[in-house]
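Hi,

Here is the model I said I would pass on.

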Amino acid sequence: MRVLIVEDDPQLGDGLMVGLRQSGFAVDWLKDGEAADRALASEDFDLLVLDLGLPKLAGMELLRRLRGREQDLPVLILTARDATADKIAGLDAGADDYLVKPIDIDELAARLRALARRTAGRAAPLLSHGDVILDPASRRVTVADLPVELSAREFAVLHALLANAGRVMTRAQLEGSIYGWRDEPDSNALEVHIHHLRKKLGAEFIKTLRGVGYTIPK
Ligand code: CA
C-alpha cells in the first residue's frame with residue numbers, strides 16, 4: 001500500500017513516515033500543498049494522509065482539486081484538537097476519515113487499513129486466496145493454517161497481489177506498492193521477491209503475464 005503524507009511539521013512528518021513504514025506501508029512525504037498536488041496528479045497512491053494547514057496550497061483546497069479530478073483514493077485528514085469545523089468541512093470536501101493531533105501511529109495505521117479495505121469493497125480484515133491467508137494488521141501469512149515467514153517486501157508484494165486478485169498488476173504498480181521515492185528498486189528485485197513467494201506459497205500461486213505483469217487468478 002502506497003501512502004502519501006502531506007505535513008509541513010518536520011517532526012510530525014518524520015514520525016508518521018517512520019511509523020507507517022514500520023507498519024509495512026510504502027510511504028512518501030511532502031511538506032507543501034503545491035508539491036503534493038503535482039505528485040497526486042501524476043502518480044498513483046493508495047492512500048493520502050493530509051494536514052490541513054499547509055504552505056503554498058491549503059489542505060482543504062488540495063482536497064477539492066483532488067476530488068475535482070475525480071481521484072477517489074481514500075483521504076484521512078489531520079486536524080487540530082477541538083477543530084470541529086475543520087472535521088466537518090474536510091469530510092464534506094471529500095475526506096473519508098480524520099484524526100486529531102497528537103496522532104497515535106498505531107491508530108493511524110489501523111484506520112488506513114480500514115480505509116483500504118472499504119475502498120476495495122471488503123468488510124473482512126483478512127485477505128485470502130485458496131489456503132493462503134494474509135492478515136494486514138498482524139502482518140502474518142499462513143498456508144493451510146501453517147505460518148510462513150516472509151520478508152517485509154515479500155509481504156508487501158503478496159499484499160498488493162491479493163488485494164487485487166483477479167486483476168493483473170503491472171511491474172510499476174507492484175514496485176509503487178513496495179518502494180517509496182527514497183529507496184530505488186534494483187532492476188530485478190521484484191522478480192526475486194516473486195521467486196521467493198512462489199517457493200513459499202507454491203509455484204502456481206502467482207502467474208506471470210509476460211511483458212504485462214503478475215496476477216493471482218481468481
Ligand atoms: Ca500544518
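Below is what I found, starting with how to read the values.

This is a predicted model, so local features need pLDDT of at least 70 and side-chain atom pairs count only at pLDDT 80 or more, while totals for chains, interfaces and linings use all residues. Residues are numbered from 1 along each chain as its sequence is written, and side-chain values use heavy atoms, with hydrogens and water left out.

First, the metal. The calcium ion has Asp8 (OD), Asp51 (OD) and Gly53 (O) around it at 2.1 to 2.3 Å. Donors here are N, O and S atoms within 2.8 Å of the metal (3.2 Å for Na, K and Ca), and with water not among the atoms, sites may look incomplete. Along the chain the donors are spaced D-x42-D-x1-G. Aspartate 8 sits in the loop between β1 (2-6) and α1 (10-22), and glycine 53 in the loop between β3 (47-51) and α3 (59-68), so the pair ties together parts that are 45 residues apart in sequence. Helices (H or I, at least four residues) and strands (E, at least two) are DSSP runs, numbered from the N terminus. Aspartate 8 is partly exposed at 31% relative accessible area, and glycine 53 is also partly exposed, at 48% (buried is under 20%, exposed over 50%, partly exposed in between, with a 1.4 Å probe and protein chains only).

Next, helix α2 (residues 33-42). Its buried residues include Gly33, Ala36 and Leu40, and their cover includes β1, β2 (26-30), β3 and α3.

Pairing takes at least two DSSP bridges between strands; β10 and β12 (residues 213-215) have 2, and methionine 169 has tyrosine 214 as its bridge partner in β12.

Last, alanine 156 in helix α6 (residues 152-163). Alanine 156 is buried, at 7% relative accessibility. Beyond its neighbours within four places in sequence, it contacts Ser177 and Ile178 (contact means heavy atoms within 4.5 Å).

Cheers
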